[in-house]
Each structure stands twice: as structure tokens, then as C-alpha cells.
Amino acid sequence: MFILTLPHSATLSMIHSRPYKSFKTPAFPAVVVVMARLFEVLAALLALVSTGLCEEKTFLQRAGTSFNNREYRSMLSVSNGEQFGGWTWPEMCPANFFAVGFSVRVEGNQYGIDDTALNGVRLICAEDESRTHLYTIESHTGYFGEWSHPQYCPSGVLTSFQLRVEPHQGLFGDDTAVNNIKFRCSSNPTLEAPGMQWGEYGFWSQDCTGGGICGIETKMEEYQYGLDDSTLNDVRFHCCDMSPQ
């Protein structure tokens, strides 16, 4: 057997001539971490794409006055609206669409500064229970406050309403007029907006039996330029018949 014997000095020379990195922690764990993070990113992207493909799309479009030639059966109104301002323009849902939900524009408590409370009502119209294509109508609205999150009937359509109104506060009082609104659905639930608390609720409007609310018209006091603003004073809704199935 042939044995190669190296001098002691040569052995030491070989040891000290090795690259210093051979004595460090191997580099492959860092590669593993990078690959793991890459797989996490890919998994998140796949989940996002999958959600987008499976989620039902809802299209929301402003109707405005585009469908004002729609025929309606009657107007739904209440008796406790206030006196300021005048009736503005109507806005209607498209044919075969009915109001299934709503949101309101409300200004919160101003704590001694001029309060306006409810500034507007926005109806959300749908053609069927799938509610995948929606239109909004609102007539004229005030300029103060923010729009609330929409509320919807669990099924069916809006058929009647009730107003909370603060009566006229006199010459030196702060008028807010309409403070809140409730709607009743054809499936029976009652929905109340997140409005303000001044005033009292009056009587319910007539019920749009066999149909649903399909239009809106508001009574608005225009901006008073530093004087007392009351904005929304009254509202009325159109009642339309449903086509036979």
C-alpha cells in the first residue's frame, strides 16, 4: 500500500490557504428563506385572482333624470314635512327597476353652530333579486355632511316611508327640518337611516301595495349664505306597479 506523507509545514499551509467562507455557516438556508417567501407571494397572488374570478360583480350607475318619462301609479307623501324651500326635480329608476336600498347624507351635531341634520336621500334601484346591476337616484340634495353606508332590504323592495322632522324653531332658532327617515320593505323589515335625533316621527306614508318605490323628489331650502340653513324640508316618492311575471 502506497502512503503519501506530507511534511507538517505543508499540511498547515493547505489549511490556512482555504477560503475563509468555508468556515462560515453554509449559504443554502438563505436561499431556502427566499424561495419560501417567493412561494408565499405566489400563493397570495393566486388567492387574489381566485377571489376576483369567483366574486359576483356589482355595477353601480347614476341614473339622474335619464328615466323621468317612466309612468308611475301614485305619489307617496307624509304630512309632517317643513315649510322652507320648494319642490325640486324628480328622478326615476329605469323601467322594471325598483328601490331596494338607500343611503342618506347627514351632517352631525355642530354643537352651537348652524345644524342642518339630513341633507339628502339616495335610493338604490335594482331590477331583480340578484342586484348585480344597480342605479342610484337622489333628486336635489344639500351640501353638508357625509353619505352613509347603504342599507338594503334583505329581499323585496321599499314600499313606504316615515320622516322624523323638527318643527320650525322660530325667528331666532336653528331650523333643521328633516332629521331622519325610515323605510319599510315589501318583505316587512323596517330600515332606519343613521340620521339625527331632533324632532319626532310622524305617520307612515301610504303603502305601495303590489309594486314598489321607483322615484324620488325633494323639497329643499337653498343655501342661505351664512344665515340659518335647514336644507331638506320634505321628500316624496313615486310608486310604480310591478309587471306581471
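This report covers the nonpolar cores and salt bridges of a predicted model.

## Basis

Local features need pLDDT of at least 70, side-chain atom pairs count only at pLDDT 80 or more, and totals for chains, interfaces and linings use all residues. Residues are numbered from 1 along each chain as its sequence is written, and side-chain values use heavy atoms, without hydrogens or water.

## Nonpolar cores

The largest nonpolar core has 36 residues. A core here is a set of buried Ala, Val, Leu, Ile, Met, Phe, Trp, Tyr and Cys residues joined through side-chain atoms within 4.5 Å. Buried means under 20% relative accessible area, exposed over 50%, partly exposed in between (1.4 Å probe, protein chains only). Val121, Leu123, Leu158, Phe161, Ile181, Phe183 and Phe237 touch the most other members. Strands supplying at least two residues each include strand 4 (98–106), strand 5 (118–126) and strand 14 (232–241); strands are DSSP E runs of at least two residues, numbered from the N terminus.

A second, separate core holds nine residues, among them Met92, Phe98, Ala126 and Cys240.

## Salt bridges

The whole structure has six salt bridges, each a side-chain nitrogen of Lys or Arg within 4 Å of a carboxyl oxygen of Asp or Glu. Glu91 and Arg62 pair at 2.7 Å, N to O. Glu91 lies in strand 3 (residues 86–92) and Arg62 in strand 1 (residues 59–62), so the bridge ties together parts 29 residues apart in sequence. Glu91 is buried at 2% relative accessibility; Arg62 is partly exposed at 41%.

Asp241 bridges to Arg73, with the closest N and O atoms 2.5 Å apart. This pair links parts of the chain 168 residues apart.

Definitions and conventions:
Helices (H or I, at least four residues) and strands (E, at least two) are DSSP runs, numbered from the N terminus.
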